[in-house]
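Here's a quick briefing for anyone opening this structure for the first time. Take a look at the sequence and the model, then read on.

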Amino acid sequence: MANRSAPPPDDQTSFIDDERGFFAEQLSKPKAIKKSPAPPKEEPGAHYHGHRDRLRAKYREHGDTALADYEMLELLLFRSIPQRDTKPIAKALLDRFGNLAGVFGASAALLQEVKGVGESVALDLKLVATVGQRILKSELRDKQVLSSWSSVIDYCHAAMAYESREQFRILFLDKRNVLIADEVQGHGTVDHTPVYPREVVRRALELSATAIILVHNHPSGDPTPSRADIDMTRTIIDTAKPLGITVHDHIIIGKDGHVSLKGLRLI
C-alpha cells in the first residue's frame, strides 16, 4: 500500500478529522447481502394441476372403468411426484414393461431405468405391488386350496410371473388342504433353479404338512415344462409318497399364462 505523506503541523487537526470521517464513512456503508438462489420455477404452463383435479374427479365419479391404464398409473404417481406432469412417466412405464402387471412386477432397479423414476418412486410402486400380492394371498387363508384354485393361480402369477430369475416356491397344506405356509425355497438363473427333493420333504415334515403344491416361474414368459421340470417333479413325488406327503401339482408360471403338470397328465 502506498504511504500517505504526513500533513504540515498546522494542518494536523484537519488531517485527523478527515481520517476519522473516512473510516466512519466506511463503517456506515451497509455490507452487500448475498441473495439466496431463487426457488426453481414451476414447469412452464403447469397444466397438470387442473388435470390432476379432473382425473381424481373422473375416478371418484365413474370408478376405474372410466380410466385407461396410464391414467391409473398417473393417479398413483401424483403422490410420489407432486411437482411434475406424470402422464409422460406413466406412458413410458407402460411402453417399457408392456402393461400394469409388468410395471408392478418389475424390479426396483429396472423401474429406475425409466426417465423420471427415482428410487423413492420405484419403492412406492413396489409397495403397491406387495400390497396387491398380500391381498391375493389373504384370499387363500383358512380356505381349502384345491377348491380355490383360481385364487392360487392369481396369487402365484402376481408373485412370480415377472421375476427376472427362476424362483421355486412351495405351498404347504394340512390334511384339510388348508394353506399352512408359502415359502420360496430357492432362486436360480434365468432358466434354472436347483431343487433338492430331500430338502423339500424335510421342510414338509417340519411343518407337519400332508400335501404340497410346487410352483416355479419361467422368466422367458413361456410356461411350457422342460424335461428337467418333469423329472424333478417325479423325483419329489417318489421321495414324498412313502412319508405320507402328497404332491398335488406342479404349476409353472409365465407372463403369458400357466401350466399344470397334473392337468397335462405328466404326473
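Helix α9 (residues 197-206) packs with helix α10 (residues 227-240) at an angle of about 45°, their axes lying 9 Å apart. Keep in mind that this is a predicted model. The notes below start with that pair, then go through other helix pairs, the nonpolar cores and a couple of strand residues.

**α9 with α10**
- On the α9 side, Pro197, Val200 and Val201 make the contact, and on the α10 side it's Thr235, Ile236, Thr239 and Ala240.
- Sort the residues of this contact by class and you get 5 nonpolar, 2 polar and no charged.

**α3 with α4**
- Here the angle is about 125° and the axes are 8 Å apart.
- That angle makes α3 oblique to α4.
- The α3–α4 crossing is right-handed.
- α3 brings Asp69, Tyr70, Leu73, Glu74 and Leu77 to the contact, while α4 brings Lys87, Ile89, Ala90, Lys91, Leu93 and Leu94.
- By class, the contact of α3 with α4 has 7 nonpolar residues, no polar ones and 4 charged.

**α7 with α8**
- α7 and helix α8 (residues 149-160) pack at about 160°, with 9 Å between their axes.
- Angles over 145 degrees count as roughly antiparallel, so that's the label for α7 and α8.
- The crossing of α7 and α8 is left-handed.
- Gln133, Leu136 and Lys137 of α7 meet Asp154, Tyr155, Ala158 and Ala159 of α8.
- This contact of α7 with α8 comes out as 4 nonpolar, 1 polar and 2 charged residues.

- Some background first: in soluble globular proteins, nonpolar side chains tend to be buried together.
- The largest nonpolar core has 18 residues, and the ones touching the most other members are Leu73, Leu77, Leu93, Val103, Leu111, Val117 and Leu125.
- At least two residues of this core come from each of α3 (69-80), α4 (87-97), α5 (100-105) and α7 (119-138).
- α4 gives the largest share of this core, with 5 residues.
- Which residues does leucine 73 touch, leaving aside its neighbours within four places in sequence? Its contacts are Ala90, Leu93, Leu94, Leu100, Val103, Phe104 and Leu125.
- There's also a second, separate core of 17 residues, and among its members are Val152, Tyr155, Met160 and Val215.

**Isoleucine 251 in β4**
- Isoleucine 251 sits in strand β4 (residues 246-254).
- Is isoleucine 251 buried or exposed? With a relative accessible area of 0%, isoleucine 251 is buried.
- Not counting residues up to four places away in sequence, isoleucine 251 touches Trp149, Val152, Ile153, Ile213, Leu214, Val215, His216, His258 and Val259.
- One of those contacts is His216: the C-alpha atoms of isoleucine 251 and histidine 216 are separated by 6.6 Å, although the two are 35 residues apart along the chain.

**Serine 260 in β5**
- Serine 260 belongs to strand β5 (residues 257-260).
- Its relative accessibility is 16%, so serine 260 counts as buried, given that the cut-off is under 20%.
- Serine 260 touches Asp249 and His250, once residues up to four places away in sequence are left out.

Note on methods:
Residues are numbered from 1 along each chain as its sequence is written. This is a predicted model: local features need pLDDT of at least 70, side-chain atom pairs count only at pLDDT 80 or more; totals for chains, interfaces and linings use all residues. Side-chain values use heavy atoms; hydrogens and water are left out. Axes are lines fitted to C-alpha atoms, for helices over the stretch in contact, and angles run from 0 to 180 degrees between N-to-C directions. Helices (H or I, at least four residues) and strands (E, at least two) are DSSP runs, numbered from the N terminus. Contact means heavy atoms within 4.5 Å. Ala, Val, Leu, Ile, Met, Phe, Trp, Tyr, Cys and Pro count as nonpolar, Asp, Glu, Lys and Arg as charged, and the others, Gly among them, as polar. A nonpolar core is a set of buried Ala, Val, Leu, Ile, Met, Phe, Trp, Tyr and Cys residues joined through side-chain atoms within 4.5 Å. Buried means under 20% relative accessible area, exposed over 50%, partly exposed in between (1.4 Å probe, protein chains only). Angles under 35 degrees count as roughly parallel, over 145 as roughly antiparallel, 65 to 115 as roughly perpendicular and the rest as oblique. A crossing is left-handed if the near helix is turned anticlockwise from the far one by less than a right angle, and right-handed if clockwise.
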